[in-house]
Amino acid sequence: MSKSGTILYLDGVSVAFDGFKAINNLSLVLDQGEMRAIIGPNGAGKTTMMDIITGKTRPNSGQVFFNGDVDLTKHDEADIATMGIGRKFQKPTVFESHTVEDNLVLALAGERSILSALFARRSSGESVRIDEILQTVRLTHRRDDLAADLSHGQKQWLEIGMLLAQDPKLLLVDEPVAGMTDAETEETARLLKDIARDHSVIVVEHDMHFVRELGVKVTCLHEGSVLSEGSLDHVSADPRVVEVYLGR
Ligand code: ADP
Ligand code: MG
């Protein structure tokens, strides 16, 4: 297939753990600038798929093309992050004893030492970037507060902000709204839609109300393969999807 216009292309990817095929001949195409929701029952392989994309797990077969013809399966985790794939894990890992703003300063600095990042004069470019990210993640009014004092949902947003500071082309977000209030969940859908205006995004999520708010194409995984793909209405009406969610 043509890979132009495609940010990510998984081609026949499989991985087995002790003979058990967690990912089984999985193929998936994500367009440049697309946001995709991934659903599927527990154990479907959603997190393992992200582990493969980010180089944490090496597949036994298949290829993963990023941004054209770079095969990610030939690169390690650090390389892949540098190429522009950012991943947000389920549990927020912000620096609790630093302010919201300083968390973003640290994320922007990347390789620079923590002390020089916090005490060096900030360039005007960096200040503009931090203001933009604070706005995107709805934390402008909390910029001087300690990260420890944020709500659970706001910590998740801050961590998304820290990912944005690294300027990724593709963001992978695993179960972002777990543990959030309904209001935070709705705001997270809006926030991700804002981010998706200039990034490609893959979101794994169980919360169907949230997935509906996203309003994007949905892929349902089951036993390491694509079971169904299309609009949420199409996927949720698919008898095979109904069957796996009923757990037969
Ligand atoms: P999901 O995120 O969709 O719930 P996972 O990708 O976490 O599913 O897991 C898919 C399957 O692979 C599960 O059966 C899980 O137990 C298994 N699995 C995942 N990672 C490993 C591993 N490192 N070693 C052994 N089994 C694993
Ligand atoms: Mg998972």
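Strand β7, residues 170-174, is mostly covered in this predicted model, with 5 of its 5 residues buried (buried means under 20% relative accessible area, exposed over 50%, and partly exposed in between, with a 1.4 Å probe and protein chains only). Helices (H or I, at least four residues) and strands (E, at least two) are DSSP runs numbered from the N terminus. In a regular strand the side chains alternate between the two faces of the sheet. In β7, L170, L172 and D174 on one side and L171 and V173 on the other are all buried, which leaves both faces covered.

Strand β7 pairs with two other strands, pairing being assigned if DSSP finds at least two bridges between two strands. Strand β6 (residues 85-88) runs parallel to β7 and is joined to β7 by 4 bridges, with G86 opposite L171. Strand β8 (residues 200-204) also pairs with β7 in the parallel sense, over 5 bridges. Here V201 of β8 is the bridge partner of L171. The chain passes from β7 through α7 to β8 in a right-handed β-α-β crossover (right-handed if, with the strands pointing away from the viewer, the path from the first strand over the helix to the second runs clockwise).

Residues are numbered from 1 along each chain as its sequence is written, and chains are lettered from A and ligands numbered from 1 in the order in which they are written. As the model is predicted, local features need pLDDT of at least 70 and side-chain atom pairs count only at pLDDT 80 or more, while totals for chains, interfaces and linings use all residues; side-chain values use heavy atoms, with hydrogens and water left out.

Helix α7 (182-195) also contributes to a pocket. Both α7 and α5 (124-136) supply at least two residues of the lining of the second largest pocket (on a 1 Å grid over the protein atoms alone, a pocket is an open set of points where a 1.4 Å probe fits, with protein on both sides within 12 Å along at least five of seven lines; lining residues have an atom within 4 Å of a point). The largest share, 4 residues, comes from α5. The space in this pocket is about 210 Å³, a volume being the space filled by probe spheres set on the grid points, which are joined across faces, edges and corners. The lining includes R129, E132, D194, R197 and H199. By class, the lining has 3 nonpolar, 2 polar and 6 charged residues (Ala, Val, Leu, Ile, Met, Phe, Trp, Tyr, Cys and Pro count as nonpolar, Asp, Glu, Lys and Arg as charged, and the others, Gly among them, as polar).

Side chains of opposite charge can pair when their charged atoms come close. The whole structure contains 16 salt bridges (a side-chain nitrogen of Lys or Arg within 4 Å of a carboxyl oxygen of Asp or Glu). One network of salt bridges links R138, E187, R190, D194 and R197. Elsewhere, R36 and E229 meet in a salt bridge at 3.3 Å, N to O. This pair links distant parts of the chain, 193 residues apart, with R36 in strand β3 (residues 35-39) and E229 in strand β10 (residues 225-230). R36 is buried, at 1% relative accessible area, whereas E229 is partly exposed, at 31%.

A salt bridge also joins R87 and D51, whose closest N and O atoms are 2.9 Å apart. R87 lies in β6 and D51 in helix α1 (residues 46-53), so the pair ties together parts 36 residues apart in sequence. Both residues, R87 and D51, are buried.
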